Amino acid sequence: MADWHPETEVEQLRRKLGQAAEAARDAYRDTTRLIRLLSVLGQPASAEEMTERLLTVLSDVFFADVVCMVRREGDRLAVTTACGLPEDDPAYTTSWPAGPAARHALAEGRTVTRGDGETDTALSAADIPGTVAPLRIRSAAWVPIYGYADSLIILFRSSPLPFATSDVPILNSVASRLCLTLRERERNAVIERLAHHGHLLTRHLRLEPLLDEAAAQLLLLTSADRTWVELVEDGQAHLRAHRGLRPDEIAGWPHPFGVDGPPGSESESGVLSVAVPREEGPMALLYAARDRGEHFAPGTTEIMTIFANHLGVAMTNADLYHALKQRATLDPLTNLANRSAMVTHLEAVLQRPELTRVGLLFCDLDGFKAVNDLLGHEAGDELLLQVAERLRGSIRPDDLLARFGGDEFVIVLDGIRQLAEVAEVGARVCADLDDLYVVAGEQVRVSASVGGVLGIRGQTTPTAMLRDADAAMYVAKGRGRGQVEVFDEDASHRSRDRLDLRSELLHALDRDQLHLVYQPIFTLDTHRIVAFEALLRWTHPYHGTVSPEVFIPMAEDSGQITAIGEWVLARACAQLHAWHQLPHGRGIGMSVNLSPVQLHQPQAAERTIDIIRASGLHPTDIWLEITEHSYLRHDVTDYVTALGVAGVHLVLDDFGTAYSNLAYLKRLPIEILKIDKSFVSGVVGGELDLSIVRAILAIADSLGLVAIAEGIETEEQGAALRRLGCRLGQGYLLSRPLPPDAAARLLQPRLPAPPAYTAATPPPA
Amino acid sequence: MPVTSSEQRGQRVRAAVGASTAADSVQAGTEAATAALAGLGGDAPALLIMYASIRYDLAVLLHTVRRLTAPTPLVGATSSGHFQDGALTIPGAGVSVLALTSGDYRFGTASVTGIREHAVQAGQQLARAARAAAGPRHDRDAALILLATGLSGHQQELLNGVHKVVGAKVPVVGGSAGDDRMLERTCVFDGDRLLTDGGAAAIWVDSPWPLSVVADHGWEAVSLPLLVTKTDGHVVCEIGGRPAAEVFQEHFTPDAPQRRPGLVRPAPGYQSAYGFGLIEPDGTRIIRGAYLDSDGLLRTFTPLPPYAAVQIVTCTSADLLGVIDDVVREAVLGREASVLLAFSCVARLDVLAEQGPVEASLIQEAAGEMTTFGMYTYGEFARTTRVSGFHNATLTAIAL
């Protein structure tokens, strides 16, 4: 005691200052720790990045060599994230056994620290995992992450510094906030995933892959161990897709997990379910289950509900697509396959590696147009429905019947061995269809012209088969009603030639292959030429002379007729203008045929008159021939009237062959009627034809029209027509169509009379 | 051009240093490399480390040295002065080369760029490459010597990247390259490659025994603990809610401004004898250099963490020199080493002023017969336990 000296005042102050500094240092250090840790939790980052950063700061502020986040898996600890373990540490792949301190922390739900055995409970070797042991760990802390799936943060220190009592609240606070933050980030990530991927479900247009992806996505969204989707059909739920179900569970369906709660709830067995809503009740049910009865994170039901809505939209979308697809492949009137579905089917059967062949029948109704025109489109539709029904009865179950368009039907015959079978089915179809049908209260007779072909799998294309069958059908139709024609390879080849011709026609005008010939129209009594009819001819370098009956319809189909028609008119006008310059050419007219297609062109009248005037002629020099036809519609009236007003003479061609609708004659400014050759040929010996010609001439006379007889081939015909009072005529008897030079010679006064005519009677004066 | 060598005993490393202060890059490189190689007495070098002043034509210097030393791996850095075998090469003066045989170690070298953009990834890439270059891996200990360019920033992130790959078991030592305090351009070397700021080089040391990395500084607190309440990057704005510069200056002693200038040009307003000590969990402090700039703003060379608990620290030459013995002793502890690699901060050289050469000689004195080789840096690496390991104004070391 003698050595004891009382503390001086300065020493006391120093001691107190030291204590204060130490207290302040600890306080500030803890503050810094907490702020640094919490600021990590506040930074924008994914759950994984945030955890990684947090462990790094924990290592820093707690002087820890290794900090890791682990999850209990049975009696082991799986490292999920770590700071201080090398990247290839086996801890990431092989879990650690849970030591006593870890088990204690998890069981008690509180932080456990271990140290040197003096200031803290001694650290046992069992608490140090193998890969951490070489670091000579001297203290450690196990911090439960409350409510976060049996997870711990573990800090291992090699320094002799024990964990202080004041460290624990900081660690607890961080762990608790980490749990909340992780949950929020994970929920955000799930919502983000929902936002990014949920709507992608709609890309599936078929139900099976859609439900399969739904099960897969649901697994990720809910962190479930198993998910499945049941489809509700007729009040019954059927398992349609799943993830994680074992075969024995599927075999034991339904109710393998004792789903005991209503949709939208978590059952006692840990199964969460929500309904995919639809107005009239759920269309599907979504289920998510966790192993070992673990509960789902709060908010999972809401996530599933949002996902179910996405799925509902996608399923509705798929349904609509299915309906649209059906609509796209079915003919809406007959419910038969449409053209596109038929082609797809034909493509598919042609690709099948089978030894048999594929037959195709192309059916076109005879007389359908008349029914449509006479009885209206509704009656036409009614007839098509009846025909479709008949056809259904004519084919085999495996054949495909399609409506190709209009009154055309196609039958695809799979498994055919020879062309004769195609012909046989074609004949049966013809026989079945050839009948009287009652439509709109009227009896109509309908038959079908049928063309058939045989296709070789792997070689023939649908396009080629349809083309050839169509051509065969036309051949059949050419032979009369209710006929069948099947094309073998050669016939198909010929039909292709016809198609080739169609493409050649595109260039005929440019290649100067078209030309005009002129057939004179005479006065029958004086044999004076009053006009020429310009007739179009096509001379093809390979096919030779192509009949107008062949190429004119082609030009009408392709729309070329407009350009060709204008060319014909211009050429004929130019020729007439030239003839008008001849001494005896003045006053003659030029008759030019107009296609019905031309009549429907915009500004057709103006163009026609422009062409006439451009040649230096007056419209009165030109006769334009229009054919009496059912499609001579009201809308051509303006055109024809405009031409009439301009002075063009209008000729109604082939009068008497169609409906002979006198309304045309009343409505249109027709001046000339041409009596069809078929009647002219019958004026000698045919009482009926003679009567018809007489009637036509009477009509013409009564209406003040001029009649021209076409196709006069014999002297007797000419004489008979003269007797009937027909003043004008044309035909081989009088003159064949001639090239311009020969025609011009006819205008010469020295022209000898045509031999046939000369032989019979002297030429008119 | 002093040349020394350590005695090779069994598998011990044999090391030799060559240095030159010649002004010509070719001459300096030739002298330093030739001397270092010669010092190995014919043994094949397994590794070369080179420190050089930024004043050299570095491409020429490196080419000259590689012509003499290739294909032996070489790494190095520009310095703000360096030392070898007890002698200081003052900033802007010369080049030094250390040649090492492998002994029981295996070395692997590598380099990386992109620190400024992706420091963590660069650190990962560097660690993997250096480790791979050391050859097949065995269950041995290791250390990583890291030389980063000094003006790249992100040194701790670079270290974090290394740490993610190698873990806590592998200590990291090293330093950031200097440029004689020009603060314009620093470089590191890797073989024939010369990398400017944004680059880093590393040596993986595969070792049969654990290697110790040591760090100490000698700085003492002159303030009570303080809380930095506001920072803006490198600027410390507020301490305890008050203007930081004011708080900082309050702790200057009256004679501090009269300190004699040291061996290098200080930054304007730089008070080399004052800095911040970041308070560590164990009560120790990590030093962060600080200075008042021409606008009166208080700046640190490395940004302080948010709400850092700090103390203002200062030191005398004696304080700094006082840690040398412990650093060297702990680096060697329990082993017979051949070479001591040291990394000291240019800030220490500032404080040491005319006593600058003393540090080098005291290091050599403490190291005894070992070869000593070191550089003055713009920041030192010493990662030992936790993830952090970037220091200022500190002496760090490793012995091989």
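Q: Take the contacts in chain A between residues at least 6 apart in sequence: what percentage join residues at least 24 apart?
A: First, this is a predicted model, so local features need pLDDT of at least 70 and side-chain atom pairs count only at pLDDT 80 or more, while totals for chains, interfaces and linings use all residues. Residues are numbered from 1 along each chain as its sequence is written, and chains are lettered from A and ligands numbered from 1 in the order in which they are written. A contact here means two C-beta atoms, placed from the backbone, within 7 Å. By that rule, the share in chain A joining residues at least 24 apart is 63%.

Q: How many helices and strands does chain A have?
A: Both are DSSP runs numbered from the N terminus, with helices being H or I of at least four residues and strands E of at least two. On that basis, the secondary structure of chain A comes to 24 helices and 26 strands.

Q: Is strand β11 (residues 284-289) of chain A largely enclosed or open?
A: A residue is buried if 20 or more other C-beta atoms (placed from the backbone) lie within 10 Å of its own, exposed if 12 or fewer, and partly exposed in between. Five of the six residues of β11(A) are buried, so relative to the rest of the structure this strand is largely enclosed.

Q: Which residue in β11(A) is the bridge partner of T227(A)?
A: Strands pair if DSSP finds at least two bridges between them. Strand β7 (residues 226-233) of chain A pairs with β11(A) in the antiparallel sense over six bridges. Within β11(A), T227(A) has as its bridge partner A288(A).

Q: How are helices α4(A) and α5(A) oriented to each other?
A: Axes are lines fitted to C-alpha atoms (for helices, over the stretch in contact), with angles from 0 to 180 degrees between N-to-C directions. The axes of α4 (residues 167-197) of chain A and α5 (residues 207-222) of chain A come within 9 Å and cross at roughly 155°. Angles under 35 degrees count as roughly parallel, over 145 as roughly antiparallel, 65 to 115 as roughly perpendicular and the rest as oblique. The two helices are therefore roughly antiparallel.

Q: How many residues does each chain bring to the contact between chains A and B?
A: The side of chain B draws its largest share, four residues, from helix α4 (residues 155-166) of chain B. Overall, the contact takes 23 residues from chain B and, from chain A, 30 residues.
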